[in-house]
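The sequence and the structure are shown first, and the description follows.

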Amino acid sequence: MSDTTASDDLSAFQLIRSYESFEKYFTDAVRVRAVTYCTSPKVLLELFEEYNVDEMEVVVGEKTDFREEIKSVGVARKLEQFKQEGDLRIFLAPDRDLHSKLYIIEYPDGEATILNGSPNFTETAWSSYYQINLVDEFHTEIGSSRFEEAIDAYHTHLEECDDEPFTDSLTQALDEADPEEDEDDIIERWVAVNDSPDRNETRQVHEEFTEAITDLDPDVDSDVTISEDLAKYEEKTRDELEDAFQSYDAQITGTSIRTPLSEYGQAVNTYYDFPKMVVEEDRVRMLTPEGSHIQLSEPVPSQDVLDEALSNLKAYFQTVENYAKTDDTEAAQAHMFEALLYFFYAPFVNRFARAFGAGEVNGVEKSLPFLYIHGESNAGKGTFIEFAMRLISDNTVTQPIDGDRIGAGLPDAAREPQSSFPVVLDDVERQKFDSLGGLRNYWDEWENNRFPTFVLTSNENKPKDWFMNRAKMVHFKMMFEGTSEARLRAREIIEKENPLFKWFAHRFLATPFDVTDLRDEDSSRDDLLAPVREVFLELFNESAHDVPDYFPRKPAEWEYDIGRDRWLEAYESDYFTLSTQRGRIVASFDETFSSYEIDDTYLRNLPQHIRAKRQRKEIYITSTSEFETWLGVGTEQKAGFLDRVRGLLR
């Protein structure tokens with residue numbers, strides 16, 4: 001038996017019960033070498049991008065054409081890009097199956113974790129609630145005897161593979177192509193082994209309908225007929241359209257589809273559970289759930305009507321003060337207003353997608369976050385999203401999608417109708433996030449399309465880690481009283497006609513936009529909603545109303561950070577101590593804390609830009625300067641400063 005270093009630590013027969021638990025091994029990893037039988041290109045990219053791994057090399061043991069696993073041109077483009085840069089290399093074994101599972105994970109402090117066991121690099125490896133993966137887990141140092149044994153085993157498997165990494169044939173195809181040929185066309189041919197003829201054809205039909213709608217006069221009646229030639233589409237596509245329009249007036253033949261605008265709008269709303277909204281360069285229009293064709297952008301007609309609309313808005317926020325119990329009324333109102341600003345931003349998300357280079361630039365998902373509203377029952381989440389949906393739809397959309405109805409196909413289905421109206425999911429339970437995995441790379445297929453963003457509400461304090469990294473988190477920390485007076489007053493406010501969004505949209509579309517406008521000078525972070533705030537402030541300043549104190553001039557989650565308050569209170573109470581170790585800040589918690597409590601109350605309440613992981617009773621924070629700036633505490637400071645720090649950070 002080979003000697004191991006004194007620092008070797010073996011944890012035999014470790015059970016890994018979830019993909020989220022498996023992902024945590026890659027936190028702060030700088031290099032990964034792996035042998036796995038089944039591998040999903042999508043999962044590889046997610047791990048590589050989400051955990052900022054410097055270098056990853058994977059041996060795929062299954063004898064197959066790996067292109068069959070690639071689901072989009074965007075995925076192929078990223079694999080090729082990373083291979084060219086030398087960051088991500090995939091090797092295939094053409095002659096024999098390699099069933100081994102080995103993961104060698106290196107960290108920046110010279111340590112390494114070696115996993116020898118059953119998990120594959122696929123989501124299906126974790127798709128069953130009852131599936132368990134068993135591994136032997138070694139903690140050692142880079143260069144130790146144990147580490148070198150693992151490297152030798154890895155190279156033994158690598159010798160069974162092709163000399164050149166996967167996508168080399170794509171590299172050659174790109175190099176040999178005519179300079180005038182579009183790169184996407186070359187990649188599409190290369191992945192054609194996976195592309196079925198009817199892929200996204202229903203989306204293409206909706207794209208054609210969208211173009212037809214934009215060609216119509218803004219004041220056209222909804223009984224006008226729109227049509228599309230179906231001869232170029234597969235039979236399956238025609239069958240899908242017949243299914244979608246079965247209850248509506250549509251003439252579908254083997255060669256065409258013709259339908260009144262009103263029937264098309266109703267069919268989209270019924271089939272996809274959200275309406276058709278079309279945002280153009282200078283206007284916003286929508287087909288309501290009832291089939292009306294309405295305009296949602298116009299100038300403010302007079303100060304009097306602007307005053308009335310803002311009075312209605314402020315009346316809604318006043319219900320927090322009048323009918324809700326909360327530790328901090330202004331903070332609760334600010335978080336609620338922050339969520340409202342996101343709803344006003346949502347229809348224009350594709351304008352931001354274009355600016356961020358969606359479909360071409362890596363990591364766009366984190367630049368275009370979804371909205372996650374969390375809070376206890378009776379926190380007013382359901383009433384709020386109804387109010388917000390009414391505001392951006394001229395009082396025509398009132399119902400979100402119930403969280404119980406979420407299925408695995410939702411993210412892809414949401415892209416199909418080419419609508420800019422947000423997909424709003426209410427009361428999403430934590431386990432449902434397994435069905436929303438398609439949101440991880442939601443914007444990869446964006447090619448100047450009209451994709452909707454997503455808004456979710458939940459009682460869960462924190463969703464899955466992968467979603468947190470792609471979400472704007474807003475906390476409704478309040479409890480509304482269930483009196484008849486409170487319910488009636490809220491109903492009176494939210495059902496009142498309010499054209500504020502029309503005036504906002506007109507002003508917003510006329511305002512030039514550049515991604516540099518998002519940079520917050522004080523924190524050097526991007527404020528996605530900065531242009532939205534500016535237009536709201538303009539409208540307030542043109543009215544007789546003062547800007548409310550609770551209006552979030554910066555993101556409410558920055559100014560009223562509930563997670564930071566929890567950390568400060570715990571520090572003040574000596575629940576943990578801070579120290580430095582190998583260039584990291586270590587928060588060492590009292591032994592009375594369970595691992596779950598440390599994760600749920602503290603680790604998950606760190607901001608997204610602060611990288612950290614937990615080991616036993618300690619949280620290791622690698623984003624040291626960001627953490628100290630966020631918390632306002634250094635490792636040398638003592639307790640007794642809580643109120644002072646809060647005052648400085650507000």
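Which residues does Phe-384 touch, not counting residues up to four places away in sequence? They are Tyr-316, Met-336, Ala-339, Leu-340, Phe-343, Ile-373 and Phe-476, where contact means heavy atoms within 4.5 Å.

The model is predicted: local features need pLDDT of at least 70 and side-chain atom pairs count only at pLDDT 80 or more, while totals for chains, interfaces and linings use all residues. Residues are numbered from 1 along each chain as its sequence is written, and side-chain values use heavy atoms, with hydrogens and water left out.

**The chain as a whole**

The secondary structure of the protein chain comes to 24 helices and 26 strands. Helices (H or I, at least four residues) and strands (E, at least two) are DSSP runs, numbered from the N terminus. Of the 650 residues in the chain, 54% are buried; buried means under 20% relative accessible area, exposed over 50%, and partly exposed in between (1.4 Å probe, protein chains only). Among contacts between residues at least 6 apart in sequence, 76% join residues at least 24 apart.

**The nonpolar cores**

A nonpolar core is a set of buried Ala, Val, Leu, Ile, Met, Phe, Trp, Tyr and Cys residues joined through side-chain atoms within 4.5 Å. The largest such core has 118 residues, and within it Phe-384, Trp-443 and Phe-536 touch the most other members. Helix H11 (residues 329-345) supplies the largest share of this core, with 10 residues. Because domain 2 (201-272) and domain 3 (303-551) both give residues to this core, it lies between them; the domain bounds come from an automatic or database domain assignment. Apart from this core lies another, of 36 residues, with Ala-76, Leu-79, Leu-92 and Ile-105 among them.

Phe-384 has its place in helix H14 (residues 381-391). Phe-384 counts as buried because its relative accessibility is 0%. Although Phe-384 and Tyr-316 are 68 residues apart along the chain, their C-alpha atoms are separated by 9.0 Å.

Trp-443 has its own set of contacts: not counting residues up to four places away in sequence, it touches Val-349, Asn-350, Ala-353, Ala-358, Gly-359, Val-364, Glu-365, Leu-368, Phe-370 and Phe-451.

**Charged residues that are buried**

Arg-415 is placed in helix H15 (residues 410-415) and is buried, with a relative accessible area of 6%. Beyond the residues up to four places away in sequence, Arg-415 touches Arg-203, Asn-441, Tyr-442, Glu-445, Phe-451 and Pro-452.

Glu-228 lies in strand S8 (residues 225-229) and is likewise buried, at a relative accessible area of 9%. Leaving aside neighbours within four places in sequence, Glu-228 is in contact with Val-205, Glu-208, Phe-209, Tyr-233, Thr-255, Ser-256 and Ile-257.

Met-473, a residue of strand S19 (residues 471-475), is buried too, at 11% relative accessibility.

| Pair | Apart in sequence | C-alpha to C-alpha |
|---|---|---|
| Arg-415 and Trp-443 | 28 residues | 9.6 Å |
| Glu-228 and His-206 | 22 residues | 9.3 Å |
| Met-473 and Pro-463 | 10 residues | 9.8 Å |

**A pair of packed helices**

Helix H7 (residues 201-214) and helix H8 (residues 235-244) pack at an angle of about 65°, with their axes 9 Å apart. Axes are lines fitted to C-alpha atoms, for helices over the stretch in contact, and angles run from 0 to 180 degrees between N-to-C directions. The crossing of H7 and H8 is right-handed, a term used when the near helix is turned clockwise from the far one by less than a right angle. In this contact, Glu-201, Thr-202 and Val-205 of H7 meet Thr-237, Glu-240 and Leu-241 of H8.

**Backbone angles in two loops**

Most residues other than glycine have a negative phi. Asn-395 has a positive phi, near 70°, and sits in the loop between H14 and strand S16 (401-402). At 17% relative accessibility, Asn-395 counts as buried. Asp-427 also has a positive phi, near 60°, and is found in the loop between strand S17 (423-426) and strand S18 (454-458). With 39% relative accessibility, Asp-427 counts as partly exposed.
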